[in-house]
Amino acid sequence: MTIEPIRDQLRRPIRDLRISVTDRCNFRCIYCMPKEIFGDDYKFLPKNDQLTVDEICTVARIFASLGVKKIRITGGEPLLRRDLPEIVGRLSRLEGIEDVGLTTNGLLLKQYAQPLFDQGLRRLNISLDALEPELFAYMNGRGIEPGIILDNIIYAREVGFQVKVNMVVQKGVNDREILPMAAYFKQLGITLCFIEFMDVGNDNAWSIEQVVTKQEIYDRLSAGDELEPLEPHYYGEVAQRYRYKDGAAEIGFITSVSESFCSTCTRARLSSEGKFYTCLFASRGFDLRELLRGGASEEEILSAIRGVWEKREDRYSDERTQQRASQRTKINMSYIGG
Ligand code: SAM
Ligand code: SF4
Ligand code: SF4
């Protein structure tokens, strides 16, 4: 059945759903969950407040009936949820869902890669910000060695996954790793995606001076390698893609700060406690768990989601430099899901 997706106030259809399955994480990345703030006494969501597998699948099925075709599972660290393979399997089998992907820091992949593959997952984005052991250990806030993640990347590929690597670049912190990371993943034939450091949440002490733009990264890479742009795979694709002219691998850029892409943003977000957000930089979400647990029918939930999306006007990245936008209270990335 072809579904005509619902559209928001800027005529943007709903196409993607990013589901955060937990707000917890085994890392404390300096740009996401700095350990000074996410310390031992930090109050994460109680387990009962998180959506169950059934609740996640019900909501996802309703989103699919409104036009969602792609789902990305994220967090926090999604591999911390023991029922993740079941979640993945059930989401992959939903009618109308063409693609399910997972974003992870990769630490627990030895344990989870095979069960996730067996449940039908095929695409993994693994985050890694540096190859230099001391720098990576500092950036992940937990002293984890990059060698563990690199081994797990290779292992996931052996299991059969299409793997991409995400690197958040922070000026003066890990920008010296741009070329070593590019060379390393080029020789492995793995796509490396550079993400501009974003002002998500209010806890990562973001400043524009710490952003290394796509153009700066591109200039550094193209001094040594010839790159050619690739057409987007689909409408609203977030990463700008390039290929090395010698054909060895692809490179991606997520340019939320320097070249915003709000005009084609088709992404809805679901937090692990069931709040529905229409933007990564939203201040408030719509509580779907209350409806789910309050006995609302699927039609009522569908009509609530439709109502929220049809009112959507978000375009935070377009407005970032305006004072009103930058002073907004935002939700942390580990909670809303990256
Ligand atoms: N824990 C998983 C991981 O790190 O891959 C999934 C959740 S994480 C929030 C999703 C993605 O968001 C990661 O690739 C991470 O590097 C990125 N991210 C987190 N904080 C960011 C920030 N302030 N700016 C840009 N990207 C960020
Ligand atoms: Fe955890 Fe991912 Fe955030 Fe790092 S980026 S702290 S791994 S949620
Ligand atoms: Fe979409 Fe909001 Fe990001 Fe713009 S700022 S691309 S509307 S999530």
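**Close-up 1. Helix α3 and its buried face.** In α3, the buried residues are Leu-109, Tyr-112, Ala-113, Leu-116 and Phe-117; buried here is under 20% relative accessible area, exposed is over 50%, and partly exposed sits in between (1.4 Å probe, protein chains only). Because they cover an arc of only 130° around the axis, they end up on the same side of α3, the arc being that of the directions from the helix axis to the C-beta atoms. The buried residues of α3 pack against α2, β3, β4 (123-127) and α5 (146-159), with contact meaning heavy atoms within 4.5 Å. Helices (H or I, at least four residues) and strands (E, at least two) are DSSP runs, numbered from the N terminus. Just after α3, Gly-120 takes a positive phi of about 105°.

A note for every view: this is a predicted model, where local features need pLDDT of at least 70 and side-chain atom pairs count only at pLDDT 80 or more, while totals for chains, interfaces and linings use all residues. Residues are numbered from 1 along each chain as its sequence is written, chains are lettered from A and ligands numbered from 1 in the order in which they are written, and side-chain values use heavy atoms, with hydrogens and water left out.

**Close-up 2. Helix α2 and what covers it.** Helix α2 spans residues 84-92, and its buried residues are Leu-84, Pro-85, Ile-87, Val-88, Gly-89 and Leu-91. The cover over them includes β1 (16-20), α1 (53-66), β2 (70-74), β3 (99-104) and α3 (109-118).

**Close-up 3. Asn-125 in strand β4.** Asn-125 belongs to strand β4. With a relative accessible area of 12%, Asn-125 is buried. Setting aside residues up to four places away in sequence, Asn-125 touches Arg-72, Leu-102, Thr-103, Thr-104, Lys-164 and Asn-166.

Close-up 4. A polar side-chain atom of Ser-127 sits 2.6 Å from an oxygen atom of ligand 1, and a polar side-chain atom of Asn-166 sits 3.4 Å from an oxygen atom of ligand 1. On the backbone side, a polar atom of Met-198 is 2.9 Å from a nitrogen atom of ligand 1. Taken alone, ligand 1 exposes 540 Å², and the protein buries 95% of that (Shrake-Rupley areas, 1.4 Å probe).

**Close-up 5. The shell around ligand 2.** Around ligand 2 you'll find Cys-25, Phe-27, Cys-29, Cys-32, Met-33, Gly-76 and Asn-105. The class tally for this shell is five nonpolar, two polar and no charged residues.

**Close-up 6. The shell around ligand 3.** Ligand 3 is surrounded by Phe-261, Cys-262, Cys-265, Arg-267, Arg-269, Cys-279, Leu-280, Phe-281, Arg-312, Asp-314, Tyr-316 and Ser-317. Two or more of these residues come from each of β10 (267-270) and α10 (316-319). Sorted by class, the shell around ligand 3 has seven nonpolar, one polar and four charged residues.

Close-up 7. Arg-7 is in the segment before β1 and is partly exposed, at a relative accessible area of 30%. The C-alpha atoms of Arg-7 and Arg-312 are separated by 8.7 Å, although these residues are 305 apart along the chain. Leaving aside neighbours within four places in sequence, Arg-7 is in contact with Arg-12, Pro-13, Trp-309 and Glu-310. The side chain of Arg-7 also reaches the backbone oxygen of Arg-11 at 2.7 Å. Arg-11 isn't a glycine, yet it has a positive phi of about 70°. Arg-11 counts as exposed, at 57% relative accessibility.

How values were computed: A residue is near a molecule or strand if one of its heavy atoms lies within 4 Å of it. Ala, Val, Leu, Ile, Met, Phe, Trp, Tyr, Cys and Pro count as nonpolar, Asp, Glu, Lys and Arg as charged, and the others, Gly among them, as polar. A polar contact is a pair of N or O atoms within 3.5 Å; within protein, one must be able to donate a hydrogen and the other to accept it, and residues adjacent in sequence count only if both atoms are side-chain atoms.
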